[in-house]
Amino acid sequence: MSSQITTRLTCFAILSAIEVDLRQLISHVATDTATEKFLPSDVRANAEPRRIAHIGNGQGKPSDIDLLDYMDFADLAKLLGTLRNELENRGLNDTGWLAKRLVDLTPGRNRICHSRPLEVDDMPQFMDLAKDTLSKYAMLDFSALRETIERLRQEPTYVLGMSIPNFWSIGVATLQHNLPAPEFDDTGFVGRKQDRKVVDTYLRSSNPVVTIVGEGGAGKTALAMRCLYDLVDRDKSPFDLIVWVSLKTRTLTAGGIQTINTAISTTAGLIDSINTELAAPTTGTNIGAGFESILEYMREFKVLLAIDNLETLQAEKLRELYTNVPSGSKILITSRVGLGEVEVRYALGSLTPTDSAILFRSFARFLNRRKLAGADEKLILRYCDRLHNNPLLIKWFISAISDGHDPQKLLAPQSRSLDQAIKFCFENLYRSLSDDQRKIVEVLSCAGRPLAEPEVRYLLQGRVKEDALQWSLNMLHQSSMLRTEIEMLGSGVDAVSKLGLTDIASHYVAKLARPRNDMYDDVQKRLRDLHAVEQDESVRRSAYRYDPFVVHCSNRYEHVAARDLSRAISEIRDHRFDKAKQHVDRARSLAPDFSEIERVSAMLSQELGENYAADLHYKAALESNPSSVVTLYTYSYFLLRSDRYDEGLSVIDKALMLVGGNDAILSTRRAIFLVRLGRYEDASKLYNIVLKGTAVQYAKWRLTTTLESAECFRRWAETFSSHDDRTAAREKLTMAIKLLSALPDHNSRDPRIVKIVWKVVNDCLYLTHPDDMVWSSFVLDWTEKCVKEYGRPEDKLRSIYSAIRSLEKTTLHSRLIAIQATFDVEYTQSMPPSAASNQKSPPESTSVPAERIIGKVVRRKPGVPFVFVQDNSTKIEYFAHRNDMIVPNEWNKCYPHAVVEFDLGTNSKGVCAINIKLRS
């Protein structure tokens, strides 16, 4: 007990000496000036009840001099102001300074005199006040203070013979309680301001059960007691009575773990102890009756029942008590393990490094280890860090040094003493974990670093069921085993929450509960696999940064879901949509907020023909990550196919704004929308800028962009032609021909080129006319050149017949006839007999079509307008374009294994399927 009250009595000795000297000075002033009434009315009102409590009420009406002995710091501070002039004439200069110091220390004085828990800085502040007062007023007597300071220096234990008069507690809150003197009185209560605030809020809330959980030695008991004493001191308490019961059975000392023989160790013992404190009859072995007795008292009065160290009993046996707490009463529990229900739980973590250092110095001073208390701050912080900033371990360490142990050996990596101390703090908590919770702890230990929650979910796949994982994580968070840290991502706009073991948990698992080797190897392999996915995605993005078939991750924590999304994309391309959905669902379980999940879901919905769902997925992806350029780019293609050109243009403009407005790929997509909206001039300018720039250096992109630009001029020419402005139309077609004539290196059989070339030729032939023979001759030159380079057009050019009629009487007529004949000859001679017989004959023909071919769809790539079909008889595969479907709407059903019937025809590449129809 002496270790807990020495600090309090030392402070009391100092404040009493200061009060004695000030009362003596004030008494001399009053006597010398013959002033009988010098006490303010409120000061007199405070002092009179204290005097009565001390000597009774039979001494007559006291004078102001008589009441001096019953005035505290606050009263004396007021008198310093009232008698300022007289006191300063006596040499007590600057009374305002001393009055302020007394007011500032009044709360500390009340804690000392009212038997309340001390704060860590109470003793230093009173010592400073004593030294400053003696220094500032060196010419004054202050004999009581000087003698007290000197005696404390020579004989510090003399204060143990002192007692604090009871009359100082007159007027203090009357809330009844049985709270013991706190164990932290020897150092004062250190830190925990935010913790006190939160727990106090919980105690004043409507929650019937409040549990403070955490590892052993974290300070749960100290925090609970500090908060309860705060309630006792409050003018208006929500409770009538506070009952404290401790179930502490073991304690950690410098010599090791010791058992408390007098501890309560059974549920019946706990019930009897509570009933005893409530002055209710004991119940022997009738536990049910005991519970009812406690609850009856809690219904009658507003009782705050505090049960310390509940983990030493099976909480389930107390279920009848903590699930039936009457309204107005409350149970406060400290435990290394939560109840798991009904409670509001507060997880108490370690002290901050600064508060740990303060506790270290304070406890070292208390044990008279002055050299240790005055050690370098860096050394103390290093000690505290090695002790995981755990208050109990810090005290254990200093006590062990006081007993002669070497600090270096105590904290050595293989120190058995430290391992045993940590085992005492942590073993009960670890043993209380469920199997799923223990697997999470082991995975975090094997990883060796904090992990984002998606990484945790990925590493636990196959170990913990999804529906149990989140609950287990929540329980671990509330047990103070996990710590959370925030990592800022990219430019600092986004952040990710990472989970890791607390230092003491990590120490315990690594030394005393080491995971199996096969688990460690598996965790490390999975982490390496994640790194490989990250590298692969980076390589593929470098080739085409907006590739819709690549999963685009904005940070490394999203790669846990990227594996499944990449597999989903592969399954979509192979039309295995059920498997694709399974991968998407698995990715969603790993990283629910990852925007790429919604984008891939949109791609899947598109392939299934569920365009409404696809639209919703794209919007969800953009809501999750508005700055995803690849999502905007992919969504724009969906809008383009849906003929929603205004929306598509808006989407592309957002993407361009995000990249700074200078991007060739996005600009060409914007130009496409401008073309579809009939804004040909704007589109042509944009194409011109892109083609002149250096951004489009890949031959593929330059070729595509050139073709799109040519198509823009062709469509522009159509608008002029429709308004009979032949000159302007010819000018735009000339620009298209110029672009096509300067195509980069290419395959002359490329369907994209062939298609646009013959569209331009067709439009040019339509505009031939005798009034402009230069233009007409230029068109024929271009047409003949195209025949040589690209071969026959896939479809007959209708406008060649109008050109023949228009130029019938000109020198160009024979050339046109020759071209037309070439088309017809190549059209028939290039086909095998079976194919030629299937072609549409001129009106005068009487040819009969051959029998239809039966086959099936064998290959189809997502996003392209063609498939490959196979003849069931010959097993030969043929190219089939969706424009050759007899019923256009059947195209969406042409997936692999679909049965079709078709004829044979030809295109620029040879024999192909035409007149395609699904068979039921």
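## Accessibility and overall make-up

A residue counts as buried under 20% relative accessible area, as exposed over 50%, and as partly exposed in between. The structure discussed here is a predicted model. Of the 920 residues in the protein, 50% are buried.

The protein has 39 helices and 16 strands. Among contacts with a separation of 6 or more, 67% are between residues 24 or more positions apart.

## Helices α25 and α26

Two packed helices are described by the angle between their axes and the distance between the axes. Helix α25 covers residues 559-573 and helix α26 covers residues 577-590; their axes come within 8 Å and cross at roughly 165°. Because angles over 145 degrees count as roughly antiparallel, α25 is roughly antiparallel to α26. The crossing of these two helices is left-handed.

On the α25 side, the contact is formed by V560, A561, D564, L565, R567, A568, E571 and I572. Their partners in α26 are F577, K579, A580, H583, V584, R586, A587 and L590. By class, the residues of this contact of α25 with α26 are ten nonpolar, one polar and five charged.

## Helices α33 and α34

From α33, the residues in the contact are T706, L707, S709, A710, F713, R714, W716, A717, F720 and S721. Helix α34 contributes A728, A729, K732, L733, M735, A736, L739 and L740. The contact of α33 with α34 has 13 nonpolar, three polar and two charged residues.

## The buried side of helix α37

Helix α37 spans residues 799-806, and S799, I800, A803 and I804 in this helix are buried. These residues cover an arc of only 150° around the axis, which puts them on the same side of α37.

H388 is a residue other than glycine with a positive phi, near 60°. H388 lies in the loop between α16 (377-386) and α17 (391-402). Its relative accessibility is 8%, so H388 counts as buried.

N915 is not a glycine either, and its phi is positive at about 50°. This residue belongs to strand β16, which runs over residues 910-918. With a relative accessibility of 26%, N915 counts as partly exposed, because this value falls between the 20% limit for buried and the 50% limit for exposed.

## K131 in helix α7

K131 is part of helix α7 (residues 122-136). Its relative accessible area is 54%, and K131 is therefore exposed, since exposed means over 50%.

Along the chain, K131 and R146 are 15 residues apart, and their C-alpha atoms are separated by 9.3 Å.

Definitions and conventions:
Residues are numbered from 1 along each chain as its sequence is written. This is a predicted model: local features need pLDDT of at least 70, side-chain atom pairs count only at pLDDT 80 or more; totals for chains, interfaces and linings use all residues. Side-chain values use heavy atoms; hydrogens and water are left out. Axes are lines fitted to C-alpha atoms, for helices over the stretch in contact, and angles run from 0 to 180 degrees between N-to-C directions. Helices (H or I, at least four residues) and strands (E, at least two) are DSSP runs, numbered from the N terminus. Angles under 35 degrees count as roughly parallel, over 145 as roughly antiparallel, 65 to 115 as roughly perpendicular and the rest as oblique. A crossing is left-handed if the near helix is turned anticlockwise from the far one by less than a right angle, and right-handed if clockwise. Contact means heavy atoms within 4.5 Å. Ala, Val, Leu, Ile, Met, Phe, Trp, Tyr, Cys and Pro count as nonpolar, Asp, Glu, Lys and Arg as charged, and the others, Gly among them, as polar. Buried means under 20% relative accessible area, exposed over 50%, partly exposed in between (1.4 Å probe, protein chains only). The arc is that of the directions from the helix axis to the C-beta atoms.
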